[in-house]
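Me: Please show me the structure, and then let us discuss it in questions and answers.

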Amino acid sequence: MHERKSILRRLMTGLLLAAMPGLAAAQSDAFPTRPIRLVPCCAGIIDALSRTLGDDIGRALNQPLVIDTKPGASGMIAAEHVATQKPDGYSVLIGTNSTHAANQSLFAKVPYDFVKDFAPITGIAQGVLVLVANPQLPVKNVNDLTALVRSKPGQLKFGWGSSSTRAGGELYKQMTGTDILSIPYKTNPQATMDVVSGQIDVMWADLVSAIPIIKSGKLRALAVTGKKHVGALPGVPTMDEAGVPGYEMTWWVAAWAPANTPPAVVNRLHGLIAQSLKAPKVLEFFESAGLDPFLTSPDDLMKFQLAEYDKWRKIATAAGIKPQ
């Protein structure tokens with residue numbers, strides 16, 4: 001009797017193992033059965049990018065995606081939230097190098113583990129910043145700004161609402177040997193508006209927030225931070241061209257699910273995003289925002305974020321930034 005039960009158990013186990021690939025495929029094919037919630041970590045360009053992706057993915061699925069932006073704390077509010085959600089693929093963090101590379105060197109307490117608490121899905125985009133100044137500031141270019149900062153050490157102010165926009169200013173300080181005050185904000189758009197009002201002098205801003213204001217004449221664009229010009233800002237030089245040789249600052253966006261999300265679901269999410277990154281409306285948005293598509297495998301995203309963590313740690317150390 002016991003032997004027959006043992007044989008039966010082994011038979012059932014074998015049948016279950018044989019069925020597992022089919023079960024995984026069925027799980028992937030069935031997902032999603034209700035709206036997916038994208039959780040952008042920041043206002044401004046990350047929110048706008050998430051909505052553009054969400055619209056396209058929603059059309060592909062024939063059901064809308066929910067966009068639940070949770071800005072603040074350099075993206076940590078959104079990241080912590082997604083890390084605590086059920087690992088079923090219905091909550092997806094749209095995060096950045098802030099949430100998964102830089103915050104770990106800038107803050108003494110990060111309320112999540114950027115490796116253990118997430119399942120990487122894919123990279124999405126890479127972008128640059130634009131150095132903007134209040135039009136009343138007596139500078140026409142980056143060399144003018146550097147001369148003014150040197151004439152008033154510790155008096156001019158730059159604002160930031162993310163690790164990227166902070167690093168833009170910190171790298172400028174390192175490479176020019178200047179002293180300009182760093183002023184933190186909850187979000188990048190808030191800092192941008194304070195440049196407009198004259199509360200602060202300059203900012204390394206995201207393009208989506210800054211370009212409409214630049215075109216209105218309320219901000220002056222001095223330079224972009226990448227290796228190439230941005231089509232939406234004709235005539236604006238790179239920082240390297242404008243007087244800071246070797247300067248380059250880029251940032252990136254990626255997607256993560258909570259840890260332990262089934263691989264089949266992660267692969268389904270990866271496929272949906274990969275398909276969307278080819279859509280004409282998404283590519284049009286990328287062009288207008290100075291973004292480049294950044295599709296990766298889940299494994300490559302993990303390798304990339306670990307390398308970026310090392311890079312940002314070195315930037316913070318060189319800048320003398322102590323975790324707060």
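Me: Is Glu 308 buried or exposed?

Reply: Glu 308 has a relative accessibility of 9%. Buried means under 20% relative accessible area, exposed over 50% and partly exposed in between, with a 1.4 Å probe and protein chains only. At 9%, Glu 308 therefore counts as buried.

Me: On what basis are such values given?

Reply: This is a predicted model, in which local features need pLDDT of at least 70 and side-chain atom pairs count only at pLDDT 80 or more, while totals for chains, interfaces and linings use all residues. Residues are numbered from 1 along each chain as its sequence is written, and side-chain values use heavy atoms, with hydrogens and water left out.

Me: With which residue does Lys 311 form a salt bridge?

Reply: A salt bridge is a side-chain nitrogen of Lys or Arg within 4 Å of a carboxyl oxygen of Asp or Glu. Helices (H or I, at least four residues) and strands (E, at least two) are DSSP runs, numbered from the N terminus. With the closest N and O atoms 3.4 Å apart, the partner of Lys 311 is Glu 308.

Me: How many salt bridges are there by this rule?

Reply: One of the networks of salt bridges links Arg 37, Asp 68 and Lys 70. By the rule, the count of salt bridges comes to eleven.

Me: How far apart are the closest N and O atoms of Glu 170 and Arg 166?

Reply: Both residues lie in helix 6 (residues 163-176), four residues apart. Glu 170 is buried at 6% relative accessibility, and Arg 166 is buried at 10%. They form a salt bridge, and its closest N and O atoms are apart by 3.6 Å.

Me: Which residue meets Lys 228 in a salt bridge?

Reply: Lys 228 counts as exposed, because its relative accessibility is 54%. The N to O distance in the salt bridge is 3.6 Å, and the partner of Lys 228 is Asp 292.

Me: Which strand gives the most to the lining of the largest pocket?

Reply: A pocket is an open set of points on a 1 Å grid over the protein atoms alone, where a 1.4 Å probe fits, with protein on both sides within 12 Å along at least five of seven lines; lining residues have an atom within 4 Å of a point. The largest pocket is lined by 16 residues, and Lys 228 and Asp 292 are among those nearest its centre. With three residues, the element that gives the most is strand 4.
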